[in-house]
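Please keep the sequence and the structure in view while reading.

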Amino acid sequence: MYRNRTCGELRIEHVGEEVTLAGWVQRSRKMGGMTFVDLRDRYGITQLVFNEESDAELCARANKLGREFVIQVTGTVNERYSKNDKIPTGDIEIIVSRLDILNASDTPPFTIEENTDGGDDLRMKYRYLDLRRTNVRANLELRHKFCLAVRHFLDSKGFLEIETPVLVGSTPEGARDFIVPSRMNPGQFYALPQSPQTLKQLLMVAGMDRYFQIVKCFRDEDLRADRQPEFTQIDCEMSFVEQDDIISLFEEMAKYLFKEIRGCDLGNAPFLRLPWSEAMRRFGSDKPDMRFGMEFVELADVLKGSGEFAVFNEAAYIGGICAEGCASYTRKQIDELTNFVKSPQIGAKGLVYARVGEDGTVKSSVDKFYAPEVLERLKVTMNAHPGDLILIISGPDVMKARKQLCELRLEMGNRLGLRDKNRFALLWVVDFPMFEWSEEEGRLMAMHHPFTAPRPEDVPLLETDPAKVCANAYDMVCNGVEVGGGSIRIHDAELQARIFKALGFTPERAQEQFGFLMNAFKYGAPPHGGLAYGLDRWVSLFAGLDSIRDCIAFPKNNSGRDVMLDAPSFVDQTQLDELQLDLRPKDE
């Protein structure tokens with residue numbers, strides 16, 4: 001055998017044992033007549049000792065080992081003289097009696113250390129080396145444990161794990177599909193699923209009652225830190241349930257996962273439920289970070305028309321946040337915040353500020369436009385105290401201005417250390433609008449998807465005022481990240497047809513694209529609903545990561561490319577001919 005122990009399991013009680021280890025050379029150090037080698041495998045690091053006095057030839061061979069050589073050693077476990085309390089095996093070392101080089105290695109392009117000298121692109125190109133790093137490997141181990149815990153919990157609640165197809169039909173509603181040409185059906189295409197939505201609904205029609213799947217999904221959309229073109233969902237569906245049933249069960253699941261994986265007790269109290277309209281008004285986001293306050297205060301009644309500042313007088317929205325204890329911010333710090341909100345990513349026209357002095361007086365960047373009593377009213381409305389800094393954003397578009405103020409709030413949360421990655425604030429956002437207007441499409445679009453049921457009391461508005469219809473939908477948010485979302489589904493063919501009509505579908509188009517589902521509803525579809533958690537997002541939150549990429553074994557970069565495999569790539573003309581596809585220049 002190549003080994004009878006791993007590099008992470010030996011302890012002081014194993015002193016005197018003869019063991020055989022195998023792994024990679026992390027580093028080596030020559031000190032006088034002694035050579036020390038750190039041997040690494042998935043389980044940890046063990047120090048090897050080669051003594052020139054006892055075996056000069058063996059020591060000479062050890063001196064030629066390079067980083068990432070794959071070796072096998074046999075030796076005796078010995079208590080270390082100079083112990084290392086930073087690693088679990090730091091009390092022992094191996095006095096080596098035999099060394100075999102299983103495979104030499106070129107010098108790696110970056111150091112295989114927790115704090116590596118490799119940049120993102122380089123590490124992604126050599127991802128198989130990056131995965132050897134302890135912290136990256138730990139993220140995959142966490143993901144594994146998370147999946148085990150999910151399966152254990154859902155199995156205990158009567159869910160069946162059922163696989164659904166990866167090659168499905170295209171559903172243009174929502175994000176762009178990845179399409180796959182069919183050789184056996186020329187001119188026709190499969191799509192990779194954005195989610196198993198209609199399939200899991202069909203499983204409910206089939207009487208499966210409770211389904212789940214840890215499933216790959218695909219969306220051809222612009223990437224961010226929390227998005228990848230392929231991602232993993234914990235997809236769940238239940239029959240004979242209402243919204244409260246689903247929220248209750250998946251709150252329980254979230255608490256179970258925090259306790260099992262993080263050792264964190266979230267208590268017995270139910271999570272806050274925040275209506276979408278209230279979340280947008282108070283935080284400018286449908287996924288608010290509730291680890292800190294700094295809620296929005298609407299200031300139009302105070303500032304609009306009460307002075308000669310045209311920017312406010314012409315604005316549709318004026319909102320502010322109060323940064324406690326920040327009145328001492330320097331001009332440079334204020335300028336940094338101004339440049340932040342004016343950046344192309346945020347898009348605000350500017351930033352107005354007001355400092356509340358220790359004597360309670362207010363000094364503002366727009367002092368000359370307002371009487372002192374107006375600024376005093378601003379202080380009272382903002383509930384600002386001596387030493388606080390008021391930051392104000394306005395604009396002609398209410399939603400855009402709120403989103404800009406949201407980004408400023410999050411930036412201030414970061415600057416003030418209020419977004420602790422070891423604190424978790426969870427809530428549900430509910431009562432989303434059923435539809436949103438798409439300028440690109442020139443019609444209403446489903447905010448979630450067209451199979452979401454409206455709130456029962458809003459059904460009469462579908463034909464008369466669809467913009468006021470709220471969805472029977474819910475998102476779970478943790479620390480400003482949407483970690484899961486779902487809804488009660490439509491289970492009635494007539495109601496589904498009304499939703500398609502509101503979305504601008506002709507009956508023929510609805511039948512062509514979704515006839516299989518509407519027909520299934522005619523055969524006794526039960527009331528049902530569900531939820532999908534984003535596995536990648538959950539794991540990245542538990543691991544304290546800023547991006548989901550480091551909890552995915554082989555992620556894509558920000559351009560959607562796999563730089564290790566050099567994909568996507570061009571294909572041979574022979575393959576295109578088989579598929580009866582012709583490529584043309586983009587400008588034709």
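Leu-427 has Val-477 as its bridge partner in strand S20. This pair belongs to the five bridges that join strand S17 (residues 426-430) to S20 (residues 473-478), two strands that run antiparallel. Strands here are DSSP E runs of at least two residues, helices are H or I runs of at least four, and both are numbered from the N terminus; two strands count as paired if DSSP finds at least two bridges between them. The model is predicted, so local features need pLDDT of at least 70 and side-chain atom pairs count only at pLDDT 80 or more, while totals for chains, interfaces and linings use all residues. Residues are numbered from 1 along each chain as its sequence is written, and side-chain values use heavy atoms, with hydrogens and water left out.

S17 and S20 are part of an open sheet of eight strands with mixed pairing, in the order S6-S9-S10-S22-S21-S20-S17-S11. At its edges, strand S6 (160-161) and strand S11 (272-275) each pair on one side only. Helix H5 (residues 197-205) lies across S9 (210-218), S10 (230-239) and S22 (528-534), and runs at about 25 degrees to S10. Such angles, from 0 to 180 degrees, are taken between N-to-C directions of lines fitted to C-alpha atoms, for helices over the stretch in contact, contact meaning heavy atoms within 4.5 Å.

S4 (residues 70-79) and S5 (residues 92-103) pair in the antiparallel sense over ten bridges, and Val-73 has Leu-99 as its partner in S5.

Strand S16 (residues 389-395) is largely enclosed by the rest of the structure, because seven of its seven residues are buried, that is, under 20% relative accessible area with a 1.4 Å probe, protein chains only (exposed is over 50%, partly exposed in between). In a regular strand the side chains alternate between the two faces of the sheet. Both faces of S16 are covered, with Leu-389, Leu-391, Ile-393 and Gly-395 on one side and Ile-390, Ile-392 and Ser-394 on the other. Strand S13 (residues 317-323) runs antiparallel to S16 and is joined to it by seven bridges; four bridges join strand S14 (residues 352-356) to S16, also antiparallel.
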